[in-house]
Amino acid sequence: MLFAVLFRSNDMGIIFLKKPRLKNPVMICGWPGIGNIGFIAVKTLKKSVGAEKFAEIEGCDFFYPRKIRISEGVLDDIEFPTSTFYFKKREHGDLIIFIGEEQPRGQKMSYQLGKHVLDIAIRYRCKRIFTSGAAVTLIHHQMKPRVWAVPNRSHLIPEIMRHENTIFMSDIEGHPDQGQISGLNGLLIGMAGERGIEALCLMGEFPLYLAHETSYPKGSQSVLEVLSAMIAEDLDSGRLKRWIQRTDAEIDKVYQQIPAELRQQIEKIKLIRQTKPSSLTDEEKEEFFKEVEDFLRGNEQDGESSI
Amino acid sequence: MKKPAFIIGWKSKDVGGIGSGTVDFLIEKLGGQKIGKVSPVDFFSLSGVNIEYDIATMQECIFYACEDRNLLILKSDEPDKDRFAFLNLLLDIAESFQTKEFYTINGNPALISHAQTRQMLSVCNEPRFMKTIEEYGLSKLSYEGPPALSSFLLWTAQRRTIKGSSIWINIPFYLTQLQDFQSLYLVLDFFNRKYSLHLSLDELNAAIQNQNVRIEKFLEEVPEIRKNIHLLESGIMLDNKERIHIMQQFYDFFRKTGK
């Protein structure tokens, strides 16, 4: 691609397809992770606003290729997981959307990739960066997931609190004021802070009894509600809603197949959210976790997939 | 050395022992001298030691030179991390020797019997180089799917305009964990002709005969496997369970009686 070659910037490891002029952009980043909550949210946003691709990070430095094509004894093409930047011009502040198809393996690689993303943020003078992920927690899949918010600046807390359905880690029973966001969704907001950019991570709740590989669009929907309010964007999430209906139906189907006693235990999770956290005693909690664990282990032994 | 050819044998995932078998033979017969190694710290997981065929084995990446025949040889494990940097490092070293071309040697498990002809295929990162290789009887490979490290190396070298080829030889699936001497012969014969190495392959011919005798002895003991191998030769596919059973039986027999 000639265009790509023309703008290839070796020192940054970034290939520019276009160099848009952007005004006061905010950057929104998403990588795959537990339940693909952040990834789905950011992809839905990109599609909804009709963002346009303008740059990508060279994959060879970070990833093993996922596909190769060889024709008649000659190497034709190779494909790496993509890490792509998109832009959308708007009256009330432009958007840069970054979508990474894979997270690099290893801390050094993650840090390097994060640096590349921040290089773009700094180049375009982004005023704020959002990342998104999952918060694995005691939530029932029939309930609306809340959004855990972690900013890198304390002055963002009051602003976040104004948005419905948001929660801070210190609000969660049993959680101390300290924790960790694993992966690039967490690392990036820390790195952004180091480079003087305010950033926050929005994490949709994910039921702890679901397999982490299960795509959980319901969590993405909650994240998008907060995100769209914070960036003042009306989103078309019709497709996402239909996906949620399908996923809910699938999870419910499996849920009905699990033993009644275990289901009763899981049902108690609803009480935690509807009443005070103390409605489930420590013993009950311990029993619940043990039963879930035993059930999942039993399923593994049977060679069946867990819910 | 003056613009040497560079031959790479991967020790990891070495189907039919073809990668390490080729470079070991060349190093031994051509008096290859160890000239350097890549430190494992940056590219290999050092959280413990690997066990291969019951033997603790440290991962390694060692360069040898066969000055008389103008060959640069690498015997290496596949790296666990920073693969792109690792491949570029190998190419830096190749460039420092002004290497004219490189080869990686790979085995491909195939549903063929030990008595059937092994097909030797090649993929190059430069069409003219493939034409040269074809003249030595190698077929053109076509493929689409996940890449092996050899293919990633070809692509990395292509970006640096370094000419290279991956040679892939079909190995009977039940010999993938053993040394397939027939395949080894074919690969070495190719290098012998291509670079006028004047290597005697008599020793390998003897090893092939010996291996065939041992396989025959084994098949006499287990007629059920002989029957399945006959089915395979007549073009009837075996199911996965049957294949695994045959592989296991072969491996156990050869391990007990020496590989």
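In which hand, left-handed or right-handed, does α2(A) pass α6(A)? The crossing of α2(A) over α6(A) is right-handed; a crossing counts as right-handed if the near helix is turned clockwise from the far one by less than a right angle, and left-handed if anticlockwise. This is a predicted model, in which local features need pLDDT of at least 70, side-chain atom pairs count only at pLDDT 80 or more, and totals for chains, interfaces and linings use all residues. Residues are numbered from 1 along each chain as its sequence is written, while chains are lettered from A and ligands numbered from 1 in the order in which they are written.

**Confidence**
- The complex has an ipTM of 0.87 and a pTM of 0.82 from the predictor.
- The average pLDDT of chain B is 92 (the predictor's confidence in each residue, from 0 to 100).
- In chain B, 98% of the residues score at least 70.

**Where chain A touches chain B**
- Contact links 16 residues of chain A with 22 residues of chain B (C-beta atoms, placed from the backbone, within 7 Å).
- On the chain A side, β5 (67-71) and β6 (74-79) are the elements that give two or more residues.
- Helices (H or I, at least four residues) and strands (E, at least two) are DSSP runs, numbered from the N terminus.
- β5(A) supplies the largest share of that side, five residues.
- The chain A side holds eight nonpolar, three polar and five charged residues.
- Ala, Val, Leu, Ile, Met, Phe, Trp, Tyr, Cys and Pro count as nonpolar, Asp, Glu, Lys and Arg as charged, and the others, Gly among them, as polar.
- β5(A) runs antiparallel to β10 (residues 143-145) of chain B, joined by three bridges; pairing takes at least two DSSP bridges.
- Ile70(A) sits opposite Tyr143(B) of β10(B).

**Helix packing in chain A**
- The axes of α2 (residues 37-49) and α6 (residues 217-230) of chain A come within 8 Å and cross at roughly 55°.
- Axes are lines fitted to C-alpha atoms, for helices over the stretch in contact, and angles run from 0 to 180 degrees between N-to-C directions.
- α2(A) and α6(A) are therefore oblique to each other (angles under 35 degrees count as roughly parallel, over 145 as roughly antiparallel, 65 to 115 as roughly perpendicular and the rest as oblique).
- Residues in this contact include Ile40(A) and Leu45(A) from α2(A), and Val223(A) and Leu227(A) from α6(A).
- Eight of the residues in the α2(A)–α6(A) contact are nonpolar, four polar and none charged.
- α6(A) also packs with α7 (residues 238-257) of chain A, at about 145° with axes 8 Å apart.
- Among the residues that meet there are Lys218(A) of α6(A) and Trp243(A) of α7(A).
- The α6(A)–α7(A) contact has four nonpolar, three polar and two charged residues.

Conventions. Contact = placed C-beta atoms within 7 Å.
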